[in-house]
Amino acid sequence: MKKWGEVALGVVTSIGGFLEVGSIATSVQGGAQFGFQLVWALALGTVCLAVLMEMTGRLAAVSGRSYVDLLREHLGIRFFIIPFVAVLVPGFLVLVSELGGVAIGLQMATGIAFRWWAIPVALVAWALLWRGTFGLVEQGTALLGLASVIFLVGALKLHPHWSAVGAGLVPSAPSRDHAKYWYLAVSILGASISPYLYLFYSAGALEDEWTIEYLGVNRVTAGVGNLFGGGLAIMVLVCAAMVFLPRRIEVDAYEQIALVLATPLGRTGFAFFLITLCITCFGATAEISLAGAYLFAQGLGWPWSENMRPSADSRFASTYSLLLLLAAIPIALGADPLKLTNISMVLSAASLPVTVIPLLVLMNDERIMTSHANGWLGNTALVLIALLSIVLFLAAVPLQMLGG
Amino acid sequence: MVAVLLGISAACAKQDLASELDGVRSWTSTTALAVDRRAAGAIDRAVAVQLADRAEEARTRSAKSLDQLAASDSERTLATAVLDSLRDGISRLRAVAP
């Protein structure tokens with residue numbers, strides 16, 4: 001019974017925590033410019049993320065070590081430097097973008113310029129991490145993030161042709177702006193499969209003290225939670241396609257995105273949009289700061305746990321404190337949050353191979369996985385994701401130049 | 001790396017008249033939608049003002065670009081009309097967000 005409670009909580013956490021600044025911005029831009037044509041990118045990204053989360057969660061539950069721990073221990077410190085840098089750089093930019101998302105939400109709510117909110121938001125996030133536990137950070141923000149279900153209400157109110165939405169699941173070439181189309185597809189995939197998401201999930205499995213008995217919980221949480229979370233991201237795209245595409249509005253600023261729910265749901269939609277933007281981005285800010293601290297601590301062999309007092313894992317606590325402070329600086333200086341979001345999503349996509357390909361090795365190592373190593377189905381899925389990650393790596397920067 | 005990407009993106013940004021005009025028209029549509037939503041009480045004054053400010057910035061940016069991109073008289077006339085339309089949209093938005 002307790003386990004089913006954990007399953008329900010895990011699923012709800014995945015749904016509430018799925019949307020963040022990257023998925024909102026890229027889904028809105030995709031819907032505004034290409035209607036339902038990019039639904040496939042969201043669906044593909046969601047499936048890939050579910051597979052990667054299930055595997056990194058299983059790896060942690062079976063081995064009792066996080067994915068980052070195992071990367072360093074089994075592939076050596078020299079190799080580890082590559083994924084370390086490749087995850088840290090885009091991860092930091094995503095952190096800046098999330099902080100910017102909260103700040104821009106507060107700007108829209110109060111009229112006070114977003115740059116003034118950067119330091120206060122970073123301080124509140126820091127206080128949550130310093131004083132809170134892993135459960136509070138993960139589940140508390142995700143439960144509040146369920147406000148994002150408003151996008152489903154908005155989509156239903158807009159009465160789209162659901163057959164046309166379904167047709168978007170099949171990739172099709174656009175009739176115009178090919179570079180922009182593929183650039184947005186890569187951005188959507190980068191937002192959906194950010195490495196920090198599954199590295200955080202893997203560390204979270206250890207924070208929650210998962211063992212082999214939790215493999216069922218892991219499978220349902222990763223599968224069902226992401227399925228519904230990805231469904232919400234599709235609803236964001238549907239709303240944008242119904243509101244912006246007929247008016248030929250291209251989204252260049254977050255202020256435009258505020259209109260997406262104000263159109264079908266009036267004032268309630270507008271208020272819920274601001275709440276959703278602030279809460280989901282705040283939750284992601286806290287999680288990415290922790291993910292960065294996990295990366296350093298696990299990679300360099302420091303003591304770490306969000307459930308420990310900061311004095312017991314001072315280097316871990318100092319790392320997330322420093323990351324938050326550094327992330328606040330570009331926003332306080334007035335960097336454009338939407339441009340940063342787009343660039344960080346493309347860089348996230350480009351960084352995927354260095355974390356996906358080693359997972360294939362670790363998931364087949366029977367010394368680590370014992371009888372829970374990947375079967376042929378898991379390996380096929382992981383090989384396909386690895387191939388996709390290589391394509392994204394090769395395409396990301398040229399597309400940023402041509403379509404960004 | 002980010003600085004390099006930003007630099008390359010800026011250098012390679014597609015500079016053609018049609019896309020620049022589409023950008024201006026997009027902001028004109030945005031102001032029209034915002035006027036409608038503000039009149040219905042769906043959005044706050046603060047957001048309406050911010051949208052007007054962003055539209056103004058876009059108009060200033062595009063006016064400079066269009067000045068260089070419009071080669072013929074007919075293109076210049078078209079660019080002026082599109083920019084005027086956005087200016088009117090911004091004025092209407094400012095009027096409903098006093």
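Guide: In chain B, 82% of the contacts with a separation of 6 or more join residues 24 or more positions apart. This is a predicted model, in which local features need pLDDT of at least 70 and side-chain atom pairs count only at pLDDT 80 or more, while totals for chains, interfaces and linings use all residues. Residues are numbered from 1 along each chain as its sequence is written, and chains are lettered from A and ligands numbered from 1 in the order in which they are written.

Visitor: How many helices and strands does chain B have?

Guide: Helices (H or I, at least four residues) and strands (E, at least two) are DSSP runs, numbered from the N terminus. Chain B contains 4 helices and 0 strands, and its pattern along the sequence is α-α-α-α.

Visitor: What percentage of the residues of chain B count as buried?

Guide: Burial is judged by counting other C-beta atoms, placed from the backbone, within 10 Å of a residue's own: 20 or more is buried, 12 or fewer is exposed, and anything in between is partly exposed. By that criterion 33% of the 98 residues of chain B are buried. Leu33(B), located in helix 2 (residues 17–39) of chain B, counts as buried because 22 C-beta neighbours lie inside 10 Å. Its C-alpha atom is 9.4 Å from that of Leu93(B), a residue 60 positions away along the chain.

Visitor: Which residues does Leu33(B) touch, apart from those up to four places away in sequence?

Guide: Leu33(B) touches Arg247(A) and Leu259(A). In the interface as a whole, 27 residues of chain A are in contact with 24 residues of chain B. On the side of chain A, helix 5 (77–110), helix 13 (254–257), helix 14 (259–300) and helix 19 each supply at least two residues. The largest share, 6 residues, comes from helix 14 of chain A.

Visitor: How do the residues on the chain A side divide into nonpolar, polar and charged?

Guide: Ala, Val, Leu, Ile, Met, Phe, Trp, Tyr, Cys and Pro count as nonpolar, Asp, Glu, Lys and Arg as charged, and the others, Gly among them, as polar. The side of chain A that touches chain B has 13 nonpolar, 8 polar and 6 charged residues.

Visitor: Which residues touch the most other members of the largest nonpolar core?

Guide: In soluble globular proteins, nonpolar side chains tend to be buried together. A nonpolar core is a set of buried Ala, Val, Leu, Ile, Met, Phe, Trp, Tyr and Cys residues joined through C-beta atoms within 7 Å. The largest here has 171 residues, of which Leu99(A), Leu199(A), Cys239(A) and Tyr294(A) touch the most other members. Helix 14 of chain A gives the most to this core, namely 24 residues. Beyond its neighbours within four places in sequence, Tyr294(A) is in contact with residues including Ser66(A), Val68(A), Leu199(A) and Trp304(A).

Visitor: At what angle do helix 11 and helix 14 of chain A cross?

Guide: Axes are lines fitted to C-alpha atoms, for helices over the stretch in contact, and angles run from 0 to 180 degrees between N-to-C directions. Angles under 35 degrees count as roughly parallel, over 145 as roughly antiparallel, 65 to 115 as roughly perpendicular and the rest as oblique. The axes of helix 11 (residues 195–207) and helix 14 of chain A come within 9 Å and cross at roughly 70 degrees, so these two helices of chain A, helix 11 and helix 14, are roughly perpendicular. Among the residues making the contact are Leu199(A) of helix 11 and Tyr294(A) of helix 14. The contact comprises 9 nonpolar, no polar and 1 charged.

Visitor: Are helix 17 and helix 19 of chain A roughly parallel or roughly antiparallel?

Guide: Helix 17 (residues 353–362) and helix 19 (residues 376–403) of chain A have axes that come within 9 Å and cross at roughly 160 degrees; they are therefore roughly antiparallel. Their contact divides into 11 nonpolar residues, 1 polar and no charged.

Conventions
Two residues are in contact if their C-beta atoms, placed from the backbone, lie within 7 Å.
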